[in-house]
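Here are my notes on this structure, for a first reading. Please keep the sequence and the model side by side as you go.

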Amino acid sequence: MGALHHRLWQGRLQGFVDGELPPARAARVRAHVADCPDCAAELELLHRMKGAIGRLGTRYAGEAAVERLRRRAEHLGP
Ligand SMILES: [Zn+2]
């Protein structure tokens with residue numbers, strides 16, 4: 001499970017969080033994160049970013065929140 005693997009899944013995770021994936025692909029993402037701690041952590045982070053951005057409502061404030069969450073998420077990493 002290297003960095004390349006992680007990058008391949010990242011785009012799908014973003015689509016998953018945004019609800020843009022077809023059901024079959026969303027199911028595959030769900031199955032993958034159940035097995036992959038890296039992607040599970042990334043998915044959790046994306047969920048939090050989406051929530052923070054939605055609450056703050058502005059793009060500028062959202063970026064500050066994302067930065068804070070990214071920094072916090074770095075401590076959760078393996
Ligand atoms: Zn993964």
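1. A word on the source. This is a predicted model, in which local features need pLDDT of at least 70, side-chain atom pairs count only at pLDDT 80 or more, and totals for chains, interfaces and linings use all residues. Residues are numbered from 1 along each chain as its sequence is written.

2. Now Val-33 itself. Val-33 is found in helix 2. Beyond its neighbours within four places in sequence, Val-33 is in contact with Cys-39, Ala-40 and Leu-43. Contact means that the C-beta atoms of two residues, placed from the backbone, lie within 7 Å. Trp-9 is 24 residues from Val-33 along the chain, and their C-alpha atoms are separated by 9.6 Å.

3. Next, the whole chain. The protein chain has four helices and zero strands. Both are DSSP runs, numbered from the N terminus: helices are H or I with at least four residues, strands E with at least two. Of the 78 residues in the protein chain, 13% are buried. Among contacts with a separation of 6 or more, 48% join residues 24 or more positions apart.

4. Check the helix lengths. The expected span is 1.5 Å times one less than the number of residues. Helix 1 has 15 residues and should span 21 Å; its end C-alpha atoms are 20 Å apart, which agrees. Helix 2 reaches 19 Å from its first C-alpha to its last, close to the expected 18 Å.

5. Look along helix 1. A kink of about 30° is centred on Gln-10. The bend at a residue is the angle between axes fitted to the seven residues ending there and the seven starting there. Trp-9, Leu-13, Phe-16 and Val-17 are buried in helix 1.

6. How do helix 1 and helix 2 pack, and at what angle? Helix 1 (residues 3-17) and helix 2 (residues 23-35) meet at about 115°, with axes 10 Å apart. Axes are lines fitted to C-alpha atoms, for helices over the stretch in contact, and angles run from 0 to 180 degrees between N-to-C directions. Helix 1 contributes Trp-9, Arg-12, Leu-13 and Phe-16 to the contact; helix 2 contributes Arg-25, Ala-26, Val-29 and His-32.

7. Finish at the loop. Asp-18 lies between helix 1 and helix 2. Asp-18 counts as exposed because it has 10 C-beta neighbours inside 10 Å. Leu-46 is 28 residues from Asp-18 in sequence, yet 9.2 Å away in space, C-alpha to C-alpha. Gly-19 follows helix 1 and has a positive phi, near 70°.

Key. A residue is buried if 20 or more other C-beta atoms lie within 10 Å of its own, exposed if 12 or fewer, and partly exposed in between; C-beta atoms are placed from the backbone.
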